[in-house]
Amino acid sequence: MKFGGDSAALVDVYSAHVAWLHEAYDHVLSSCALDAIVIHSGSLKRRTEFDDQDWPLRPTPHFMHWLAWPEPECALVIEPGRRARLARLAQESFWEAPVTAESEHFWPLFDVEIASSHEALRAMLPKTRVGFVGENVARGEQWGMPRESCNAPTLLSALDALRTKKTPYEVMCLAEANRRAALGHDTLRGAFEAGDASELELHLLYLRATSQDDPETPYKNIVALGEHAATLHHVGYQKTQSGGASLLVDAGATCLGYASDVTRTWVKNKSESARVFQGLIERMEQMQKELVLAIETGSRYEALHERSHHGVAEILRDAGIVKASADEIDGQGISRAFYPHGLGHSLGLQCHDVGCALSKPKANNPFLRNTSIIESGQVFTIEPGLYFIPALLEPLRGKVDIDWTLIEALRPFGGIRIEDDVFVSERGVRNLTREVLPLGGGAV
């Protein structure tokens, strides 16, 4: 898909991004007592050991931090005081076409060398005090790096820390990834309103609208009609028309390796239970927006997560689902049965990106993936949920005053999740998702 922003601006911010990386890597090299860092782009993986088909390459994120080039068996060499070098292995297979880059903006900033074999590529690499980064450690050893220098924890930790705060180039890519995802969400909302497409049909329609092949998406699209929305990562698409009265779509897109992660929930049908469910979506939409407005640098993300639980508790109380005060619903952990996951996670080159989960969450927040102090430069998701999951609700029967008749009426709708991607800057919070997809959910 064509980049939707200003291409000239992309070149400018990318040049600044690479200059920043060089300076940052110089500090890492010094602190780790290294003369060079070699980052492997990755090796193709077999789909099964009983066949000869490979999965499409998911490049090493540290490699993509420098350049969006999805070619296997490349070595990116970073040394102090010189331009980054890209050593490529000659690709001569007639089974596969050579990879193509989404954009060519990065080539002028790298010295490129072509090796005829792994032995020739090894000869191009530095020989002493080299740190290797890559999933295929055996390749690092083949290229002459001792195992103890491959993915050393201190080196990985230092490089992961560089990815916690996003540069203007990265924010531009993340914003474009959101724009692409919005095309898919808008298309699926219209298709859901217009007819009875199956989950598989909706999934394929999303891929078409976002111009992505399945492996290009940042994660497997979650397309859930009706009660399937109660399965948080529902990817076993129903292939026949279901007539479901609700639709939850958790799907993103990529731009130059950077991911968006967006969720919307919609309901149709004019039944009384559908109107109640619509009211829940509207309340969740309101609360989600309030959480985004409450983001402050210097505060703990986990505190925002706990605030979201109190918000869900208020919604459960006001809807008459749980007959208790919001403080009781929250304090006694009842809201955890309706909202079991974390409020969000860091976002970047990985959907669940690095750098914001360095400490463990509190015991009652076991699935929270962001425990950081909120700082300028971070990008993360805000995605509260409310679900009707029988396996989590049934243990409350007889212990909590719940309107089980209402639960049964709402269970066919599955649940609600509304998710935006936000960038925290010194000037405030920029909602990358709402810029292109204003509505978080509701009736169609």
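**Exercise 1: the cavity lining**

Keep in mind that this is a predicted model. Task: find how the lining of the largest cavity divides into nonpolar, polar and charged residues.

Solution. Now put names to them: the lining consists of A191, F192, G195, D196, A197, L202, L225, S242, G243, G244 and K268. As for volume, the largest cavity comes to about 50 Å³. The count of cavities of 30 Å³ or more is 1.

**Exercise 2: checking a helix**

Task: work out what span the 22 residues of helix α8 should have, and compare it with the distance between the end C-alpha atoms.

Solution. Start with 1.5 Å times one less than the number of residues. For α8, residues 272–293, that gives 32 Å, and the end C-alpha atoms are 32 Å apart, so the two agree. Next, pick out the buried residues of α8: A274, F277, L280, I281, M284, E285, M287, Q288, L291 and V292.

**Exercise 3: a strand pair**

Task: say in which sense β14 and β15 pair, and what joins them.

Solution. β14 (residues 420–425) and β15 (residues 428–431) run antiparallel, with 4 bridges. The link from β14 to β15 is a hairpin through 2 residues.

**Exercise 4: a loop threonine**

Task: is T371 buried or exposed?

Solution. First locate T371 in the loop between α11 (335–338) and β11 (379–382). Its relative accessibility is 5%, and buried means under 20%, so T371 is buried. Finally, look at its side chain: a polar atom there lies 2.7 Å from the backbone oxygen of S359.

Conventions. Residues numbered from 1 in each chain as written. Predicted model: local features only at pLDDT ≥ 70, side-chain atom pairs only at ≥ 80, totals over all residues. Heavy atoms only, no water. 1 Å grid on protein atoms, 1.4 Å probe; cavity = no way out; pocket = protein on both sides within 12 Å on 5 of 7 lines; lining within 4 Å. Points joined across faces, edges and corners; volume = space filled by probe spheres on them. Nonpolar A, V, L, I, M, F, W, Y, C, P; charged D, E, K, R; others polar. Pairing = 2+ DSSP bridges. Buried < 20%, exposed > 50% of the residue type's maximum accessible area, 1.4 Å probe, protein only. Polar contact = N/O pair within 3.5 Å; in protein donor to acceptor, adjacent residues only side chain to side chain.
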